[in-house]
Structures are given as structure tokens and as C-alpha cells.
Amino acid sequence: MDMTGSKHKNNYPSHPSRIRIGGFWWIVFSLAAGLVLWELIIWLANPPVFLLPPPGLVGRRFWEVASNGILLRHIFYTLIEILAGMALGVSAASAIGYLLAKSPTVERLLSPYVVASQAIPIVAIAPLLVIWFGPGLISKILICALIVFFPVLINTIVGLRGVPEDLHDLMRSLLATPQQTFWLLEVPAALPVFLGGLRVGATLAVIGAVVGEFVGADRGLGFLVNLARGQYDTALVFVAILTLVILALSMYGIVALLERRLLAWQQRKEQDILQQ
Amino acid sequence: MAVSPHIVNPNPSIPILQVSELSAVFSNGQQGLQALDRVTFSVYTEEFICVLGPSGSGKSTLLRILAGLLPLTTGELFYCGQPLTGPQGDIGVVFQKSNLMPWRTVLENITLPLELRRVPRAEALRQAQEMVELVGLTGFETTLPRDLSGGMAQRVAIARALIHDPRVLLLDEPFGSLDALTRERMGSELLRIWQHRRKTVIMVTHSISEALFLADRVLVLSRRPGQLRLDLPVDLPRPRQEQMRYTPAFGELARQLRSTIEDATEIL
């Protein structure tokens with residue numbers, strides 16, 4: 001799923017190029033400008049509250065549900081789904097990805113399923129999973145796991161295939177055991193691409209949780225969106241959406257931090273490129 | 001693991017490497033591609049051998065077979081009198097590209113072979129530090145490979161190939177990507193290291209003057225399928241000096257190698 005895949009001179013895939021986020025004050029300014037625009041629309045068009053609530057009302061509603069613990073309860077529930085789903089999806093995808101990358105037989109055997117699994121719209125089979133596993137946690141965890149699975153799988157394979165053959169030869173000439181080759185060569189060499197998949201997966205997991213909760217749930221931020229919509233409490237819909245955005249950004253940020261920690265050996269190169 | 005300065009072949013009269021009638025054919029789609037054709041030669045302990053030949057003459061294939069990284073098709077290959085069937089722990093390889101792990105510092109790249117042998121970290125670092133000094137990279141211990149020049153990276157690769165004290169060092173055009181001056185300097189460095197460590201060295205190169213400057217014997221392979229065309233002893237005195245490149249004896253040997261390579265390059 002790593003579609004940027006820009007190549008460096010030594011063939012190590014670097015970070016996919018991302019949108020560059022400006023400095024702190026630019027972010028503040030940009031958000032403030034958005035709020036002003038929002039207020040301006042309210043002031044000019046004066047839409048009914050259930051169509052577009054003013055920012056002040058959304059803020060008040062946010063404060064209400066945040067202070068009485070309701071919001072926190074829903075965040076907690078959705079977060080559990082996301083984290084458990086990611087743990088399941090990432091471990092399954094990296095294990096199967098490793099087998100696919102290492103064994104041509106396994107690849108021939110499993111690739112039809114892998115390709116087919118990508119063709120199935122997760123959103124469409126979410127109801128099925130809820131029928132099979134009930135409206136509780138398990139169906140949501142499975143939806144998250146499924147949606148995370150593919151990008152992590154593909155990036156695991158691409159990452160492992162990208163390990164230079166000469167380094168494999170080096171390890172062989174030094175009589176490295178398969179375990180040593182795995183930990184000292186394959187893991188560090190495939191990590192940049194693998195983490196790229198994890199970054200995509202982290203944001204997709206949030207979508208998976210919301211989709212699952214839309215289909216059938218009695219808790220969670222997706223459920224909250226649905227509930228508030230039913231009550232024409234559009235301000236609460238906004239609150240839930242904003243919370244989801246923050247959640248998704250945090251997930252993304254955590255993976256980005258992880259990348260920065262683990263891929264310090266690549267970092268300066270990226271900066272060099274930006275400076276050129 | 002103590003670094004012994006001098007490893008002696010159990011029986012110096014037995015060649016450390018013996019290649020006889022070695023052929024290598026690779027499947028290339030439907031038809032086989034013959035890279036080497038009945039190559040025969042022997043290498044004795046502490047010899048410095050250079051392998052020359054036109055591009056595509058199977059020089060690298062030969063080196064990979066000697067390293068145990070590629071299987072031979074027919075013929076025999078003995079290492080210290082034993083058939084060689086796979087990688088040996090005590091044959092060090094230096095690849096065309098420096099082939100360093102980009103996530104490891106200079107020192108960490110050099111310690112890799114010791115790490116694989118579970119040498120305690122403190123001991124591994126001590127020996128790596130010694131190697132860093134030997135190859136002249138003091139001060140670059142914590143540098144990452146991307147910040148090294150080509151010559152420096154190849155020094156790290158040589159240090160890495162030497163640290164576990166292999167008997168044989170195989171070098172596959174190690175200085176091919178370096179500019180002429182750096183290349184000559186690296187050659188002298190390699191001679192110094194070789195004299196210090198007394199290894200058996202087999203080095204693939206496409207530079208005649210490099211081969212003559214370094215080797216005790218120069219082997220010339222023909223164009224594919226690679227056949228051994230010449231096994232030329234280089235009786236120039238050691239230690240070799242840079243000025244030696246301009247002596248009549250050197251020139252005569254160079255002329256001989258050149259004409260053999262030119263003959264070997266012609267399509268049969």
C-alpha cells in the first residue's frame with residue numbers, strides 16, 4: 001500500500017513523502033481562520049441549529065459530555081476496539097506477510113485469497129460480522145483487524161522483498177542462523193516500509209471501528225454520532241466527529257513518533273532532501 | 001576469540017583452495033547460461049591472487065562459488081583439502097558495493113561477524129576498535145554509512161571481512177566504484193593490511209595495473225563461458241612501491257596481461 005515508494009541511491013525505501021505541516025503558529029492561525037469562517041457562515045446564512053450549529057454551541061456541548069464522563073466512556077470503548085483490532089490485524093498480517101515473502105509455495109497458495117480479501121468492501125461485510133459475532137466488542141475488533149490487515153500485509157511483503165540480496169549473501173557467508181538473519185537483517189531492513197503500512201493501518205482502524213459501531217453497537221464514538229443524529233443533536237454529532245479526528249490523528253502521531261525513534265538512521269537523509 | 005596474527009594452513013603443501021575442472025551453468029529461462037568452463041587452479045596459503053577478465057567473464061561467479069554462496073555445476077572445489085559445499089565461517093567476503101547495513105554505525109557494522117558468533121559485546125567492540133585503527137577510520141566509529149565516502153565505506157567492509165580473522169579473504173571488485181587516485185591508495189592500504197594480517201587473498205578486478213601492483217599471481221579469464229587463459233606469476237619484489245608502476249618489468253607484465261585479455265575478449 002506504500003504507493004510513494006521513492007527510491008534512494010542504496011535502494012532503501014524511505015518514508016513516503018507526506019504533506020508538510022507548518023510550524024505551530026501556522027497551525028493555530030489556520031484553525032482560527034477556519035473558526036472565523038464557520039462563524040461567518042452562521043452570521044451570513046443563519047442556518048437552523050440542526051443543520052449547522054455555531055462553534056460556541058459545539059464547544060458547550062463538548063464541555064457537557066466531557067465533564068459528565070459520557071464522552072470519555074465512548075472514547076474508551078472505541079479505543080479498545082481500535083487497539084485490540086490493530087493488535088490482531090497487525091500480528092496476523094506481519095506473520096502471513098513474512099510467510100508470503102519467504103515461501104513461493106505459500107504465496108501461490110494464499111495470494112488468491114489475499115487479492116480477493118482486498119476486493120471485499122469491509123463496510124459491506126461489517127453487517128455480516130455483527131450478525132455472526134453480535135453487537136459487542138468482538139465484531140468491531142474483527143472489522144478493525146480486517147481493515148488494518150491488508151496495508152500491513154502488503155508493506156510487510158514489500159519491505160522484506162526489498163532487503164538487498166547482497167546483505168543476505170553477507171549473512172550467509174558469515175554462517176548466520178535464520179533467527180540471526182531475521183532479527184539482525186530482515187527486521188531492521190524491512191522496518192521503514194512496515195511502519196509505513198502501520199501508519200496507514202492506524203488511521204484505517206479508526207474508520208473500521210466507526211463503521212462497526214454504525215452497524216450495531218450501544219457504545220462508542222460511532223454509536224454516539226448515530227445517536228446524536230437520531231436526536232437532531234447536530235452539535236453532539238460535531239463533538240463526536242471532532243473527537244474521532246483527534247483520535248485518528250493521535251494514532252497517526254504515535255506511529256510517526258515510533259518511526260522517528262526507530263528510523264533515526266534515515267531521518268537526516270529526509271531532511272537533506274527537503275533542504276535541496 | 002583471540003586475534004592470532006598468523007594463521008597457518010595445517011599443511012602448507014596442500015593448496016588452501018583447489019579448483020579443478022570447475023564449470024558453472026545457470027538456468028536462464030529455457031536454456032542454460034554457462035558462466036565458467038573447466039577452470040583449474042590452486043591457491044596456496046598467504047598468496048595474493050588477482051582475477052582479471054573482460055566483463056561478463058564469470059569473475060564474480062567464480063568468487064561467489066569460492067565463497068560457497070553459489071553451487072558449482074561440475075568439477076571439484078577443495079578448501080584445505082576438504083570439498084567445499086557451502087559458506088565457510090572462515091572465508092571473509094568483500095562485495096562490489098560496500099554492502100553495509102545502513103542502520104548500523106561504522107563500529108556496529110564491523111562487529112557484525114563477531115555478534116553472529118556471540119562474542120561478548122565488550123570484546124567485540126575492543127576488536128572492532130582495533131580494526132578501525134587498522135583501516136584508518138579512527139574518529140568515524142559512530143558515523144552512519146550514508147555519511148561515508150565510497151572509499152571509507154569500502155574500508156569498513158574490509159574491516160568487517162577481517163574482524164573474525166578468516167583464513168581467506170575474497171574481494172569482488174572492491175574498488176570498482178572509486179576514483180583512480182582513491183583506488184590506488186586503497187590498493188596500497190590493502191597491501192599493508194595483507195602484510196600485517198597474512199591472509200590468503202583472492203581479488204577480482206578489471207584493472208591490470210591494480211592486479212600487478214597487488215598480486216603474487218594473476219589469473220585471466222576469457223569472455224563467457226569463462227575459461228582460464230593465463231596464470232601469470234608476478235615476480236616483482238615486495239614490498240611494492242608506487243614507483244614500481246613505471247618500471248620496465250611492470251610494463252612488460254602489463255603488456256602480456258593486456259594482450260591475453262584482448263585475445264580473451266574476442267568472440268570465439
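**Fold and contacts of a predicted two-chain model**

The model is predicted, and accordingly local features need pLDDT of at least 70 and side-chain atom pairs count only at pLDDT 80 or more, whereas totals for chains, interfaces and linings use all residues. Residues are numbered from 1 along each chain as its sequence is written, and chains are lettered from A and ligands numbered from 1 in the order in which they are written.

Along its principal axes, the C-alpha atoms of chain B fill a box of roughly 55 × 45 × 40 Å. Its secondary structure comprises seven helices and 10 strands, where helices (H or I, at least four residues) and strands (E, at least two) are DSSP runs numbered from the N terminus. Chain A, by contrast, has 11 helices and zero strands. Buried residues account for 44% of the 268 residues of chain B and for 36% of the 276 residues of chain A; a residue is buried if 20 or more other C-beta atoms lie within 10 Å of its own, exposed if 12 or fewer, and partly exposed in between, with C-beta atoms placed from the backbone. Among contacts between residues at least 6 apart in sequence, those joining residues at least 24 apart make up 72% in chain B and 77% in chain A, two residues being in contact if their C-beta atoms, placed from the backbone, lie within 7 Å.

An open sheet of six strands in chain B has the order 6-7-8-3-9-10, with mixed pairing; two strands pair if DSSP finds at least two bridges between them. Strand 6 (91-94) and strand 10 (228-233) of chain B are the edge strands, each pairing on one side only, and the twist averages 15 degrees from one strand to the next. Within this sheet, strand 3 (residues 48-52) and strand 8 (residues 200-204) of chain B pair in the parallel sense over four bridges, and Phe48(B) has Val201(B) of strand 8 as its bridge partner. Helix 1 (residues 59-66) of chain B packs on the sheet, touching strand 3, strand 7 (168-172), strand 8 and strand 9 (217-221), and its direction makes about 150 degrees with that of strand 8 of chain B; axes are lines fitted to C-alpha atoms, for helices over the stretch in contact, and angles run from 0 to 180 degrees between N-to-C directions.

Further pairing involves strand 1 (residues 17-28) of chain B, which runs antiparallel to strand 2 (residues 31-43) and is joined to that strand by nine bridges; here Leu17(B) stands opposite Val43(B). Strand 1 of chain B is also joined to strand 4 (residues 74-79) by five bridges, again antiparallel, with Ser23(B) opposite Thr74(B). Ser27(B), also placed in strand 1 of chain B, counts as exposed because it has 8 C-beta neighbours inside 10 Å.

The largest nonpolar core contains 79 residues, of which Leu170(B), Ile202(B) and Val218(B) touch the most other members; such a core is a set of buried Ala, Val, Leu, Ile, Met, Phe, Trp, Tyr and Cys residues joined through C-beta atoms within 7 Å. Helix 4 (residues 150-162) of chain B gives the most to this core, with seven residues. Apart from this core lies another, of 60 residues, including Val58(A), Leu100(A), Ala126(A) and Ala205(A). When residues up to four places away in sequence are not counted, Ile202(B) touches Val43(B), Ile49(B), Val51(B), Leu63(B), Leu66(B), Val168(B) and Leu170(B).

Between the chains, 15 residues of chain A are in contact with 16 residues of chain B. Helix 7 (165-173), helix 8 (178-215) and helix 11 (264-275) of chain A are the elements that give two or more residues to the side of chain A that touches chain B, and helix 7 provides the largest share, six residues.

Two cis peptide bonds, each with omega near -5 degrees, were found in chain B, from Arg224(B) to Pro225(B) and from Arg238(B) to Pro239(B). Pro225(B) lies in the loop between strand 9 and strand 10 of chain B, whereas Pro239(B) lies in the loop between strand 10 and helix 7 (248-265) of chain B.
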